[in-house]
Amino acid sequence: MNRTWWKEAVVYQVYWRSFKDSDGDGMGDLRGVIEKLDYIASLSVDVIWLNPCYTSPDIDNGYDISDYYTIMEKAGTMSDLEELITAAHERNLKLILDLVVNHTSDQHAWFKESRSSRTNDKADWYIWQDGEKGTPPNNWRSYFAPSPWTWDETREQYYFHSFASEQPDLNWEHPAVREAVYSMMRWWADKGIDGFRMDVINLIKKRATYDDVADPLDLSYLGNQPGIHELLQEMHQEVLAGTDLFTVGEIPFVGPEDGLLYVGEERKELRTLFHFEVADDMETMDLPRFKQIQKQWYDALYPHGVASQFLNNHDHTRQVTRFGSERYRVESAKLLGLMLHTLPGIPYIYQGEEIGMTGIRFSDPESYQDVAFRNQYAERVAAGESPGTVLSSMQLRARDNSRTPMQWNTDKAAGFTVSIPWMTVNPNYREINVEAAEQDPDSVLAFYRKLIDLRKAHPVMVYGIYRDLAIQDPYLYVYERVLDGLVWRIVLNVHDEPVTTTFGLPEEQLILTNYDTSDRNRLAPYEARLYRYEMP
């Protein structure tokens, strides 16, 4: 595998509205990110991924963009972003922005023109279909609504939206749309950003026809359609070729074989991708399934392409709550961190993960701000389900779980703001916060810093061959990374009970663990060990 800086990188995701409020309005902002850049740099990460801060009506927390060239007032100003780029670079941090070009806001000037008449120059910049009012063109669903079609009175047609009705999809078949997007990407690259996280990028290519589907609940018809690779190769040629820009595509509905088509280095599309075989398809940790997923992706991609490793982000519940154990919060947070930083791929840290933050469960559905949660909750209750049953079934996966404010200290609102925060702070901030973690040499934060330092010092964590030694075991995850005769063995008890193992190595070969003492042949709940040895 060719060695490059981005394969060796660790990415830190900043969901700015929940990161740090600098002006006391209750919402995080870009100046808050600047304020905390030294903290981010202290983790020794390489890249900051900043969620959308463009001008937006904020129906979907910034993923409904009304102007790609200006900054949302809640976030700050263009000068703030320019200062952030410069300040990040001064700390040897690269900054990538979200690229949201499957859809825009319905308040974008492009859509306003498109809906104004069928003869407007931008009439075909979005996807319009004839039909009778009240009878959508097909039986499809969107992510956020029962139908992806909304009736427009002016054009007397339906427009298509993969998400909320306020997020109409762009028509990527129109050359002028593509050139407008490429021009915007080049503009941001000229601003000095270092790449793009591409939101649902494989949804930009639609099905050839809009016929009914057999199972509308299986949303795979929305993405990964024939022709997507030609579009991404054109994007690469028009914007990315000859640059060092980092690109990661959010690629739903894709398995390992298709994944290689997106990230194979010779194909000139994307650097890496997020797949969702874990985050979307696994409610809680199913270790045998997780191991199969890791092996299948490794076998399909390496050495020709690279995937990303993550278990939580702004759309997915915090990893300790969902895939670890709140009872063994510190132990499982360290175990999950060790696992993701030693598995093949680029590790992503979601803000607060490095101190072991947990999810939250609101008892009142009105407390949830997530548009997807609100729409789905209302639909299910309207269909006759018990409100209590619906709420309990949705709490674990609600996106608010990961969007509560960053917990900095024990001050009011966890030091996130001096006023009322835009979203409720998790009450456990008095025990779980950065200030406390900085003072504890055995904290999750200290463990993460050790992990990242190890990754930077030892190429085996990046380029080593991966082999699973216990793929069928329901509780133990044991694997090795091998490079140039050096072997790193990772032994994990992904379980809340002790287990006996034959995979332990002598103590002198143990270089990192999440327990003070250990028994070579017995692992405590959520015990994690990293060994090193030389091949004979």
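## Cavities and helix packing

Guide: The structure holds two cavities of 30 Å³ or more. This is a predicted model, where local features need pLDDT of at least 70, side-chain atom pairs count only at pLDDT 80 or more, and totals for chains, interfaces and linings use all residues. Residues are numbered from 1 along each chain as its sequence is written, and side-chain values use heavy atoms, without hydrogens and water.

Visitor: What is a cavity here?

Guide: On a 1 Å grid over the protein atoms alone, a cavity is a set of points where a 1.4 Å probe fits but cannot get out; lining residues have an atom within 4 Å of a point. Its volume is the space filled by probe spheres set on the points, which are joined across faces, edges and corners. The largest cavity here has a volume of about 150 Å³. It has 14 lining residues, and H275, Q294, A307, S308 and Q309 are the closest to its centre.

Visitor: Which element gives the most to that lining?

Guide: Helix 8, with five residues. Helix 8 (287-301) and strand 12 (308-309) are the elements that give two or more residues. Both kinds of element are DSSP runs, numbered from the N terminus: helices are H or I with at least four residues, strands E with at least two. The lining divides into 10 nonpolar, four polar and no charged residues. Nonpolar means Ala, Val, Leu, Ile, Met, Phe, Trp, Tyr, Cys and Pro; charged means Asp, Glu, Lys and Arg; the others, Gly among them, are polar.

Visitor: What lines the second largest cavity?

Guide: M1, K7, Y302, V306, G345, I346, R455 and V462. They divide into five nonpolar, one polar and two charged. The volume of this second largest cavity is about 40 Å³.

Visitor: How are two packed helices described?

Guide: By the angle between their axes and the distance between the axes. Axes are lines fitted to C-alpha atoms, for helices over the stretch in contact, and angles run from 0 to 180 degrees between N-to-C directions. Helix 3 (residues 78-90) and helix 5 (residues 175-191) pack at about 60°, with axes 10 Å apart. That makes helix 3 oblique to helix 5. Angles under 35 degrees count as roughly parallel, over 145 as roughly antiparallel, 65 to 115 as roughly perpendicular, and the rest as oblique.

Visitor: Which residues make the contact?

Guide: M78, L81, E82 and I85 of helix 3 meet W187, W188 and K191 of helix 5; contact means heavy atoms within 4.5 Å. Five of these residues are nonpolar, none polar and two charged.

Key: 1 Å grid on protein atoms, 1.4 Å probe; cavity = no way out; pocket = protein on both sides within 12 Å on 5 of 7 lines; lining within 4 Å.
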